[in-house]
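Here's a quick briefing to read alongside the model. Keep the viewer open as you go.

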Amino acid sequence: RLRHIETRIAQIESEGMLSADDVVLRAEPARRLLSLRRTVASFAEGRSMIGALREHSRGLLPRHHGCTLVAVAHSPQFEADEIDVEFGWSLGDLRPDVPKSSVLALSALPAVERMAVCVRVGMPEDAHLATDKIGRFLAAAGETLAGPSREVFLHLPPPERMSDAVVEMQFPVSAAG
């Protein structure tokens, strides 16, 4: 705990007071998703999956379902031209009946005891700014990545205004060993 406090103090001293993209460590509960998973060649192609998810989930979820959009990067490393990504609705208590013919599937994200979390605003192409901050925080705190990263959309704007997206970036971590 002391190391985390010292790391946070150093972060504030070097970068200024608290901002929307500060990194915190916390637990994250398990989530059930109604999702679409593909390997895409670009962030733009990945964004188009959101529209496909919306379209294919229309008959499966209530019209104003209020589900949170979650993206999972399954690739163990960042690959700019081959991104294994899953977009899904976090279902909460909803239990949709998904036909076998659907391109969507029910999947589960496990609970994570230690998740490094940082909020970003804007396009996915700018996510590197938040991931850099998380990387520096983890290096200073003696932590290492421990699984697929997630992006939880706290505010999902219309497709033409993705620059207004507010996204919580989440990275499972463990003590470096």
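Buried means under 20% relative accessible area, exposed over 50%, and partly exposed in between (1.4 Å probe, protein chains only). By that cut-off Cys118 is buried, at a relative accessible area of 1%. This is a predicted model, where local features need pLDDT of at least 70 and side-chain atom pairs count only at pLDDT 80 or more, while totals for chains, interfaces and linings use all residues. Residues are numbered from 1 along each chain as its sequence is written, and side-chain values use heavy atoms, with hydrogens and water left out.

**Overall fold**
- Along the sequence, they come in the order α-β-β-α-β-β-β-β-α-β-β-β.
- Of the 177 residues in the protein chain, 38% are buried.
- Take contacts (heavy atoms within 4.5 Å) between residues at least 6 apart in sequence: 76% of them join residues at least 24 apart.

**Cysteines**
- Cys67 also counts as buried, at 12% relative accessibility.
- A search of the whole structure turns up zero disulfides (pairs of cysteine sulfur atoms within 2.5 Å).

**Around Ser90**
- Ser90 sits in strand 4, which covers residues 83-90.
- Ser90 is buried, with a relative accessible area of 14%.
- Beyond its neighbours within four places in sequence, Ser90 is in contact with Arg31, Arg32, Leu33, Cys67, Thr68 and Val70.

Technical notes. Helix = DSSP H or I, 4+ residues; strand = E, 2+ residues; numbered from the N terminus.
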